[in-house]
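Trainee: I've got a structure open and I'd like to learn how to read it. Can we walk through it together?

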Amino acid sequence: MAEKVLLGDEAVALGAIHSGLSNGYGYPGTPSSEIMEYLIKYSQKTGNIHASWCSNEKTAYEDAIGVSLAGKRAIVTMKHVGLNVAADPFINSALLKINGGLVIVVADDPGMHSSQDEQDSRFFADFAKVPCFEPVNQQEAYEMTGEAFEVSEKYHVPVMIRLVTRLAHSRAVVVTGKEKEQNRMKKAEDKKTWMLLPALARKQWVTLLGKYKEFKKDSESSLHNPLYINPDFKKYGIITSGLGKNYYLENIPELSVKPSHLHVGFYPYPEEKIKRLAENVEKIIVIEEGYPFLEERLRGILKQPVEIEGKIDGKVPQTGELNPDNIRPALGLPVRKTLAEVEALPGRPPQLCQGCPHIDSYNAIKGALASYSESVVTSDIGCYALGALPPYSAIESIICMGASVGTAKGAAEAGLKPAVAVIGDSTFYHSGMTALVDAVAANTPMTLVILDNCIVAMTGGQETVVPSSRLFSVVKGLGVDPAHIKTIIPLKKNHEENTAVLKEEIAYEGLSVILSVRECIEETKRQLKKGKANK
Amino acid sequence: MKFDIILAGVGGQGVLSLAAIIATGAMKDNLKVRQSEVHGMAQRGGEVLSHLRISDSEISSDLVAKGTASLIISMEPLEVLRYVDFLSPDGFIVTASEPFINIPDYPDIEIIYGKIKKLKNHKIIKSLELAKKAGSSRAANMVIIGAASSVLPVSSSSLKAAVEELFSSKGKDIIDVNLKAFELGAE
């Protein structure tokens with residue numbers, strides 16, 4: 001036993017290591033990245049586990065399935081939107097007879113601190129019919145990870161841990177527990193439970209539904225779903241999930257009574273406990289971080305008419321994060337007095353760093369398109385999305401990882417030309433390549449600009465899965481005509497030359513790819529610092 | 001005892017190290033601590049905000065409630081005004097005096113000072129000048145911790161020990177500069 005100060009993310013990573021983890025995989029994505037960073041550091045230091053970044057969340061998940069097939073414990077990490085990419089193997093893996101424990105950690109981002117949406121991963125766990133743990137603090141994050149592995153091996157299912165930004169990125173003391181040895185390699189015995197041919201999958205589906213009944217039973221007795229009944233206060237009761245619990249506890253001292261309260265930290269949710277709560281109160285106030293997942297289901301669970309308040313009727317805000325303040329109206333508490341009000345202030349939006357190569361790439365693209373009365377520039381997920389803001393205002397669409405390529409292709413094929421797509425190197429490997437193959441097949445008249453800054457910059461400088469030196473051969477290998485793959489170096493002094501190259505390729509009535517290659521300025525600074533420190 | 005702090009500034013100003021030092025110091029004094037921060041986009045010249053909660057009993061929420069913070073520590077004066085509604089009626093403000101101007105519509109600095117000075121308990125510190133005096137302009141955040149030390153529920157000896165710990169890998173000279181900056185801020 002030891003005490004450690006850990007981020008929520010790090011608590012999950014250490015929890016996994018102490019549960020006999022053998023392999024960890026993931027794709028960087030705020031707020032989940034620090035889980036893998038911790039595992040990779042541990043792996044480099046000790047050599048005890050294998051931990052590595054992958055091209056995307058789907059490949060990461062499939063790697064983890066392979067580890068499970070071999071009988072060892074694997075963890076796979078991603079942000080919420082990453083699970084959209086990994087959804088195929090995730091949903092299907094629920095039908096396998098999982099061998100070594102398989103735990104998927106998904107970090108949601110309510111409030112969209114660094115994301116395109118607020119989607120709630122509990123829906124995915126429910127959809128796949130797998131158990132899901134939701135910790136409310138770092139200690140639970142550590143302990144639930146161990147439990148998740150136990151449940152995974154007990155029922156032979158993948159198990160989800162859902163985190164949110166506020167927990168992933170806040171620090172507190174964690175008391176660590178016993179350390180378990182890793183599993184020995186032991187291949188899954190029954191091939192029939194690992195091949196999802198329709199005839200076999202039908203059986204596995206029935207098996208999964210049987211297991212699901214067990215999860216529901218476990219949920220009723222789970223210590224993570226504590227129910228407190230106050231028999232003397234019927235007016236209302238509370239259901240919390242996730243960090244909603246913390247904000248509720250924060251406000252309890254101001255309530256005149258302690259209402260009946262059910263917290264849900266393990267899913268599938270405990271229906272019987274919800275019914276028991278409802279029998280004891282006239283109204284249920286639901287405070288949950290994320291979508292109104294439980295709230296929407298309450299009506300279907302309860303036999304008697306009970307008033308339900310929460311996100312759907314607007315008593316609790318349906319967008320953004322919960323906090324200790326915005327749940328007060330639902331609890332009937334007044335707004336707290338503050339020393340002063342915040343007046344309108346100029347915002348300080350994030351910006352491309354001084355000296356960032358993307359600035360020079362965007363200037364060249366804008367220069368090359370200046371003579372056209374109409375054009376479109378689609379963009380993607382990464383630092384270069386900041387090119388949307390003035391003074392650049394250089395891009396027109398940001399959708400999801402890899403979408404720039406297909407969106408430009410579709411626009412060009414609909415006659416909107418010239419069509420230029422910009423994508424980062426890591427995002428290209430993540431999910432831009434397949435769309436580029438489509439463009440190769442159709443020889444679509446469009447220009448793809450790969451902004452190769454030789455790193456995954458936005459999420460803190462993780463290594464790109466394939467080094468920059470191999471990008472040309474990858475693009476050529478996908479079938480792009482080498483005569484129309486051009487490399488430029490985005491520097492101010494090259495502006496005229498780069499603009500000319502882009503102009504020429506944009507004018508070409510076929511597919512062209514520009515590799516705009518210069519290292520992320522922050523990474524250059526980091527390396528300089530390291531160099532100095534080593535001297 | 002419960003002491004909630006809002007730490008503010010701009011990406012790159014050392015706000016998170018500041019939070020780490022106070023948190024480490026508080027733990028050395030056997031207090032419970034929760035510290036929350038937002039990574040990602042905030043790092044690129046945007047606002048940085050960290051909630052730091054210190055208590056002698058269990059803390060539930062990672063976030064400080066409005067109207068309850070005992071202290072705002074800021075590396076930048078405009079950033080103070082963004083969070084004043086977190087302050088409790090007798091809350092303190094400790095801020096660096098130097099504006100960080102990376103936006104076109106940055107207000108007149110005298111107006112900002114005027115608004116801060118209207119609030120009851122404030123210290124506006126020439127952190128850069130004192131940091132240079134200590135030996136490095138990069139130690140401005142240590143000046144600010146020093147300036148806040150009389151208000152913090154953490155002993156100066158624990159705060160200094162935390163400073164030494166944070167810079168332990170950087171050698172004695174760097175530690176000394178940072179400790180000196182802390183002391184100049186505390187004066």
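Mentor: Strands (E, at least two residues) and helices (H or I, at least four) are DSSP runs, numbered from the N terminus. This is a predicted model, where local features need pLDDT of at least 70 and side-chain atom pairs count only at pLDDT 80 or more, while totals for chains, interfaces and linings use all residues. Residues are numbered from 1 along each chain as its sequence is written, and chains are lettered from A and ligands numbered from 1 in the order in which they are written.

Trainee: Which strand of chain B is joined by bridges to strand 8 of chain A?

Mentor: Strand 2 of chain B; 2 bridges link the antiparallel pair. One to look for is A:Ser170, whose bridge partner is B:Ser36.

Trainee: And how many residues of chain B are in contact with chain A?

Mentor: Contact means that the C-beta atoms, placed from the backbone, lie within 7 Å. By that test, 39 residues of chain B touch 32 of chain A. Strand 2 (32-37), helix 2 (77-82) and strand 5 (87-96) of chain B each give two or more residues to that side, and strand 2 of chain B has the largest share, 5 residues.

Trainee: How do I read two packed helices?

Mentor: They are described by the angle between their axes and the distance between the axes. The axes are lines fitted to C-alpha atoms, for helices over the stretch in contact, and angles run from 0 to 180 degrees between N-to-C directions. Zoom in and you'll find B:Lys160, B:Val163 and B:Glu164 of helix 6 meeting B:Ile175, B:Asn178, B:Leu179 and B:Phe182 of helix 7.

Trainee: What about a whole sheet: which strands of chain A stand at the edges?

Mentor: Chain A has an open, parallel sheet of 5 strands in the order 15-16-17-19-18. Strand 15 (376-378) and strand 18 (485-488) of chain A are the edges, each with a single partner strand, so one side of each has no neighbour in the sheet. The twist averages 20° from one strand to the next. Inside the sheet, strand 16 (residues 419-424) and strand 17 (residues 446-452) of chain A pair over 5 bridges, and A:Gly424 has A:Leu451 as its bridge partner.

Notes: Contact = placed C-beta atoms within 7 Å. Pairing = 2+ DSSP bridges.
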